[in-house]
Amino acid sequence: MSIPGPVSPEVLSVRGVSKAFGAVQALRDVSVDCRAGEIHALVGENGSGKSTLLGIASGFLAPDDGIVEIGGSRLRRHSPAAARQLGLGIAYQDYSHVLGLSVAENIYLAVPADARPTYGHMQSWAEETLAGFKLDISVTAVTGSLSLAERQLLEVAKALLTRPKVLLLDEPTTALGPDAVEQLHTLVLEQARAGVGIVYVSHRLPEVLAVADRVTALRDGVGQGTFEAASVSEEGLIALMIGRPLQVAFPDRRALPEEAEVVLAVSGLRGERFGPIDLVVRKGEILGIAGAEGNGQVQFLRALAGVEHAAGRASCGGTELDRRSPVGPLRAGVVLLSGDRRGEALFPVLSVRANATVQVLRRLARAGVVRRGPERRAIAELVDRLRVRMGSPEQPVSSLSGGNQQKVSLIRPFLRGDVKVILAEEPTQGVDVGARFDIYEALRAKADEGLAAVVKSSDPLELAGLCDRVVVMSRGRIVEEIPHHELGERRIVEAIVGSRGGVRAVTDDGEGTNA
Amino acid sequence: MKRGWLPLALMTTLIVALGAYAEARQSVFLSQQNLNALLLEAMPLVLVSMGQACALLVGGFDISVAALMTMCVVTASFTMTPTTSGFALVPGAFALVAVGLATGVFNAFLIRVLRLPSIVATLGSLSVLEGASLLLRAYPTGPINSDVTGALTTSVGFLPVAFIGVVALAVFADGWLYRTRTGLALRAVGLDATSSRRLGMSTGRTVLLAFVVCSVMASIAGFYLAAEVQVGSPIIGNQALESIAAAVLGGASLAGGKGSFFGTMLAAFFLTEIDNVLPLFQQPTEYADMTIGVLILLALVLYQAPELIARFRAAPVA
């Protein structure tokens, strides 16, 4: 499988690395190496362990097992500072900028001590530095005022300023339009010719294959082999990225009437990280939102629910939603199930009962006092129906498993009689296989009752099995819509990695690249 | 960094305006004697506030400083008694600084190693120190060496030497904060700890240093408090909230990464001036507290006006 005979010295060598976060095994015995002057692509689905692997290589995370060698020396102390000293540069997916400082100050902090000019010359030095990368960014600007594309290019420039032997790029093009991607790739190729080893993590296969020498695929935290880029096809790589040992069952879909009533209509909705977006969701329909992480899917859902600000129009049942706060959409029957269960969806220390009934207390109260009897009866049936596994409705919701926590938050739309749209963000994240089916079934049951649901998920298999239709988002826009009869895990992954013709043709002038 | 001047300008204006008003009402205000007394009276708050500014810069609070200052006064009543003389006073003085160092390291340990929020951690140390002070001195007793207190209040004309010292220190510290790499690193850690760590900075050491400096400054403030009360009083220090107020009025952000030592110093002088001026008008001291409160709110709104305006423009809901 792997390529024989090292041509150049290895500048990065990760051997037998494993890492678990709690019960989740993020990486299992993964080995990757990168030679001087090579561009080594690392591909995999969301959650396949790419970012964890980079975190370990860069010293930000300590592995449970295995070793990291940078420039031939072993990384003994797991800290970003130690990795930098050995010659590793990294451009983080979510950046390493201190947003409150100026661009010049950020560049200054990014370079090693011996490469820094005196403090007084910082500005002119920073200007020259940016000009060297052909970046047109004002060095006196506060970094927080830059567009996402500018931040992303600055992040790569900062990583290069450490004069690394090996450079790690974590999804460096999520916020970039085609021209900027081109600019970045020119820069990366230049560096590779100068002898820098580059590890390029991306889910955009055509982009990354255009520049890579070798490719390593990851799936569920396990390496799927390393190949010469010229010798693999996109189809072959996709086959390595997907495919799952455990099959999950999905509830049956009912055929939707051709012209069912439109429940949710969105037109020209645009926020800081997405848009403009137009779509409709019909009565009884479950619409899936696919895409690589960070392409605006979450922000779009949150904007619909009034949690984030966005311009444009969105209506539910024909009435325009008042999205200035979450109250408006909620009153109109639009319920968001946040993916951040502990932080947003639930009150972790409160009981299952309190969490389930919090939105309908008025109905369960007489003269302002909640009556426990009706409250218990109201949730008892749903607890059974959704198969929430717990000792007692009085135990704190934080003591339940992730799946059961999610089911508790799903009780809420069942209790409210007025829900028209459920917006679910990663409804089965951290949920075991058995509980997943219960959640799918609950969502499908609500749809059959005449609701509309929008499910954002990073799991293509889940979207393919659960949804009636899936839209794929990239750089904040819908780039493809997959109708029911075409739905399949492979079809969705192909759309996400943009391997089908036409996807890249959707131009992107958004995200403030012109700002 | 243009807006960094706003707190300095505001504080200077307020100090001068209040002084002019007081002088117009009661001509004793600008007397050399009153000015000297005012400057000396301000020393404990000035010193502890500059320390507090360090804690705020890394995004924390230190409310244990009040009890630490009390502890230092109580310690002084044991280690710097009127009968101690000459060289024996040196270890006595070091004892105070040692108390500060130990408290700072303890606070930093709670915050960095045990991961307690700084406000909770220092609330704990506050109670421990308060209790310890009361154990050592159940009531104000134990006179403090007057040679030491005399030396601390030495003045050139009406200007206390200590005043000249803190002005120099504040100028130097601000120069360091805004004109050197390490100062920049401190602000970066306060603004965004994750990014700073990614850039290879040792955030743990920065936080440790900030809290140690804060406590040591509080213990030096303790010397001046001791010089003021001259007796081992277990219930004297109450500058915790005032020191945070001074740092904020001086331009510090509660979210960390912003602040000015010179501005903090000016604000501490201003807060003391209010206390000093009100008796001249025969106004009850309650007005001083209320004035300070209102001023802090106004100053915060003023300092954040650009951000507030921007936010309201961007989104009708915050």
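**Reasoning from the model of chain A**

Modeller: In this predicted model, G288(A) stands opposite V455(A), a residue of strand 20 of chain A. A424(A) also stands opposite V455(A) in strand 20 of chain A.

Biologist: What makes strand 13 and strand 20 of chain A a pair?

Modeller: Two strands pair if there are at least two bridges between them. Strand 13 of chain A, residues 286-290, is joined to strand 20 of chain A by four bridges, so the two strands pair, and they run parallel. Strand 19 of chain A, residues 421-425, is likewise parallel to strand 20 of chain A, with five bridges joining them.

Biologist: Why is A452(A) called buried?

Modeller: A residue counts as buried if 20 or more other C-beta atoms lie within 10 Å of its own. A452(A) has 29 other C-beta atoms within 10 Å, and therefore it is buried. This residue has its place in strand 20 of chain A.

Biologist: How do you know that strand 20 of chain A is mostly covered?

Modeller: Five of the five residues of strand 20 of chain A, which spans 452-456, are buried. A452(A), V454(A) and K456(A) point one way, while A453(A) and V455(A) point the other way, and all are buried.

Biologist: Which residues does A452(A) touch, leaving aside those up to four places away in sequence?

Modeller: The residues it touches include V263(A), L264(A), V281(A) and R282(A), as well as K420(A) and V421(A). As for E425(A), it lies 27 residues from A452(A) in sequence, and the two C-alpha atoms are 14 Å apart in space.

Biologist: Why is chain A described as being as compact as a globular protein of its length?

Modeller: The globule rule gives 24 Å for 515 residues, and the radius of gyration of chain A is 25 Å; these values are close, so the description holds. Along the principal axes, the C-alpha atoms of chain A fill a box of roughly 70 × 45 × 45 Å. Chain A contains 18 helices and 22 strands, and 51% of its 515 residues count as buried. Among contacts in chain A with a separation of 6 or more, 68% are between residues 24 or more positions apart.

Biologist: What makes strand 6 and strand 10 of chain A edge strands?

Modeller: They belong to an open sheet of six strands in chain A, with the order 6-7-8-3-9-10 and mixed pairing. Strand 6 (88-91) and strand 10 (222-228) of chain A each pair on one side only, and they are the edge strands. On average, neighbouring strands of this sheet are turned by 15 degrees against each other, direction ignored.

Biologist: How do you know that strand 9 and strand 10 of chain A pair?

Modeller: The requirement is at least two bridges. Strand 9 (residues 214-219) and strand 10 of chain A have five bridges and therefore pair, in the antiparallel sense. For example, L218(A) has G223(A) in strand 10 of chain A as its bridge partner. Helix 8 of chain A, residues 234-241, packs on the sheet and touches strand 3, strand 9 and strand 10 of chain A. The direction of helix 8 makes about 30 degrees with that of strand 9 of chain A.

Biologist: What makes strand 14 and strand 15 of chain A a pair?

Modeller: Here the count is two bridges, and the cut-off is at least two, so strand 14 (residues 311-316) and strand 15 of chain A pair, in the antiparallel sense. C316(A) has T319(A) in strand 15 of chain A as its bridge partner. The two strands belong to an open sheet of four strands in chain A, ordered 12-11-14-15, with antiparallel pairing. The edge strands of that sheet are strand 12 (277-282) and strand 15 (319-320) of chain A.

Biologist: How many residues of chain A are in contact with chain B?

Modeller: 20 residues of chain A are in contact with 20 residues of chain B. Helix 3 of chain A gives the largest share of the side of chain A that touches chain B, namely four residues. By class, that side of chain A has 11 nonpolar, five polar and four charged residues.

Biologist: What is the average pLDDT of chain A?

Modeller: The average for chain A is 86, and 93% of the residues score at least 70. Over residues 501-515 of chain A, however, the pLDDT is below 50.

Note on methods: Residues are numbered from 1 along each chain as its sequence is written. Chains are lettered from A and ligands numbered from 1 in the order in which they are written. This is a predicted model: local features need pLDDT of at least 70, side-chain atom pairs count only at pLDDT 80 or more; totals for chains, interfaces and linings use all residues. A residue is buried if 20 or more other C-beta atoms lie within 10 Å of its own, exposed if 12 or fewer, and partly exposed in between; C-beta atoms are placed from the backbone. Two residues are in contact if their C-beta atoms, placed from the backbone, lie within 7 Å. Ala, Val, Leu, Ile, Met, Phe, Trp, Tyr, Cys and Pro count as nonpolar, Asp, Glu, Lys and Arg as charged, and the others, Gly among them, as polar. pLDDT is the predictor's confidence in each residue, from 0 to 100. The radius of gyration is taken over C-alpha atoms; the globule rule is 2.2 Å times the number of residues to the power 0.38. Axes are lines fitted to C-alpha atoms, for helices over the stretch in contact, and angles run from 0 to 180 degrees between N-to-C directions.
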